[in-house]
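Please keep the model open beside the text and look up each place as it comes.

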Amino acid sequence: MKPVASGNVARTKLNGIAIVVVASLFFFGCAGDERTAKGKKHYNHYCSHCHGESGQQGDGFNWERMPDPRPKNLASNAEMSTFSDKEIFDTIYRDMRDWEDPKVLDDENYFAVPTMPTFKYTLSEQEIWGIVAHVRTLHGMSFTYDLDARQKELEEALQAARPDMEATQTAYDAATEKVEAAQEAYEETLTDEQLDDYEPEEISLPEEAVFLIANEKFENAKTALENFSKRPKRTRIKSPDLTISEGERAKQAALGKKLYTDTYGCNGCHSINDVGGLVGPVLDRAGFRLNDTWVYRWIRNPQAMKKHTRMPNLGTSDADAKALTYYLGTLRAPIPENPIPEAG
Ligand code: HEC
Ligand code: HEC
């Protein structure tokens, strides 16, 4: 036996391990690089007008035009290092504030600046994590959040919700069958004449309520997992019924005006009478120029009408989108102070 030979074998083995280690570092490094590169692309498209490509205050063309508070300096390590990756994510992903919801009103930590729009309804969760990874590079930090664990958590939540949904559905089906059988048995005791007048009673089964709760939990877990890797569905919005009495329309328009600034921060991107952002078109004469059915459908889901528009889907409810539509409908050319006298 020559000891040299075994040494060679050992070395070859070590080399093999080294190659695997280097290759996997390369692989994971690439996945991270690719994520950050995509994040940069999305940041430049959806964020840079307000935050600037560099993240510095005043760099984005819209920065000066935004109402206070304006964004912090995303390029400042001192300011941004106080945020965790998850906190940056939550800033971009949160729901717009629902001012009617007492739970939200009581929550002092709720991110309450409406002119920072949500991207929850526009991008996938993974895409937003990519944006976070890019934001980290703007102030010289690296992204450390464990995305695999996050995906696993969502998968496990779905797995946990399924048996509950199935069990409550079985119980609900069995209860329905029992009620139907009892009803049929009762109907058989009736004469033809009695049967003509007979209307079966609507029974609300407690099993139904239990099932609906479990089913909602299941559906939410399913959507959350889908939205992790895919953008929310761009479902076509049906044409709304916008007929309303004059008095009610004025009330709804006043509510819409409040929602416009206080909840959805539309003024961060649009200007009216030269006040507000410049990202989207000026809305001074929106009521004159635009069709209200179109406006409603646009507000509900801009991506369904124009895939890559910079206007995010803000998650407006049917009622809020209607109020906003009635408000925009009031924006017409200003009434001249000295109207031109009518001819004749
Ligand atoms: C319409 C303008 C606008 C757009 C578009 C916008 N933001 Fe903001 N953003 C703001 C404003 C205004 C604030 C300040 C909120 C505050 O002070 O609480 C802010 C705050 C933030 C913060 C927290 C730091 C801070 O300034 O308090 C982060 C992080 C952030 N935005 C990231 C993003 C990312 C990423 C995007 C794109 C996906 C984006 N924003 C799109 C206006 C915008
Ligand atoms: C992050 C910026 C941003 C926010 C926030 C935003 N918009 Fe927009 N909006 C745009 C952009 C950009 C367009 C132009 C769309 C395009 O052609 O891609 C647009 C287009 C529109 C249009 C069509 C205007 C026209 O003349 O064609 C309406 C109406 C509108 N937005 C209403 C709203 C309302 C109401 C809100 C608040 C609920 C809102 N927007 C919030 C950026 C924004």
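1. In this note, contact means heavy atoms within 4.5 Å of each other. Leaving aside residues up to four places away in sequence, Ile 88 touches Met 80, Phe 83, Val 132, Val 135 and Arg 136. Ile 88 is found in helix α4, where helices (H or I, at least four residues) and strands (E, at least two) are DSSP runs, numbered from the N terminus. At 6% relative accessibility Ile 88 counts as buried; buried means under 20% relative accessible area, exposed over 50%, and partly exposed in between, using a 1.4 Å probe and protein chains only. The C-alpha atoms of Ile 88 and Trp 129 are separated by 9.1 Å, although these residues are 41 places apart along the chain.

2. Before going further, please note that this is a predicted model, in which local features need pLDDT of at least 70 and side-chain atom pairs count only at pLDDT 80 or more, while totals for chains, interfaces and linings use all residues. Residues are numbered from 1 along each chain as its sequence is written, chains are lettered from A and ligands numbered from 1 in the order in which they are written, and side-chain values use heavy atoms, with hydrogens and water left out.

3. Which protein atoms are the donors of the iron atom of ligand 1? They are NE2 of His 51 and SD of Met 116, lying 2.0 to 2.1 Å from the iron; donors are N, O and S atoms within 2.8 Å of the metal (3.2 Å for Na, K and Ca), and since water is not among the atoms, sites may look incomplete. His 51 lies in helix α2 (residues 48–51) and Met 116 in the loop between α5 (102–106) and α6 (125–138), so the pair ties together parts that are 65 residues apart in sequence. Both His 51 and Met 116 are buried.

4. The site of the iron atom of ligand 1 is octahedral, with angles of 85 to 178° among its 6 donor atoms. As for the cut-offs, six donors count as octahedral if opposite donors are over 155 degrees apart and all others between 65 and 115. Ideal angles for six octahedral donors are 90 or 180 degrees.

5. The iron atom of ligand 2 has His 270 (NE2) and Met 311 (SD) as its protein donors, at 2.0 to 2.2 Å. Its 6 donor atoms subtend angles of 88 to 178°, which makes this arrangement octahedral. His 270 lies in the loop between α10 (246–263) and β1, and Met 311 in the loop between α13 (302–305) and α14 (318–329), so the pair ties together parts that are 41 residues apart in sequence. His 270 is buried, with a relative accessible area of 12%, whereas Met 311 is partly exposed, with 23%.

6. The next points concern helix packing. The axes of helix α4 (residues 85–93) and α6 come within 10 Å and cross at roughly 125°; axes are lines fitted to C-alpha atoms, for helices over the stretch in contact, and angles run from 0 to 180 degrees between N-to-C directions. That makes α4 oblique to α6, given that angles under 35 degrees count as roughly parallel, over 145 as roughly antiparallel, 65 to 115 as roughly perpendicular and the rest as oblique. Among the residues that meet here are Ile 88 and Phe 89 in α4, and Val 132 and Val 135 in α6.

7. The axes of helix α7 (residues 147–188) and helix α9 (residues 206–229) come within 8 Å and cross at roughly 155°, and the two helices are therefore roughly antiparallel to each other. By comparison, α10 and α14 pack at an angle of about 100°, with their axes 7 Å apart. That makes α10 roughly perpendicular to α14.

8. Ser 124, in the loop between α5 and α6, is buried, with a relative accessible area of 2%. Apart from neighbours within four places in sequence, Ser 124 is in contact with Asn 227, Phe 228, Ser 229, Lys 230 and Arg 231.

9. Finally, some backbone details deserve a careful look. Most residues other than glycine have a negative phi, and most peptide bonds are trans. The peptide bond from Asp 68 to Pro 69 is cis, with omega near -5°, and Pro 69 lies in the loop between α2 and α3 (77–80). Asn 273, although not a glycine, has a positive phi of about 50°, and at 61% relative accessibility Asn 273 counts as exposed.

Methods: Tetrahedral: all angles 85-135°; square planar, octahedral: opposite > 155°, others 65-115°.
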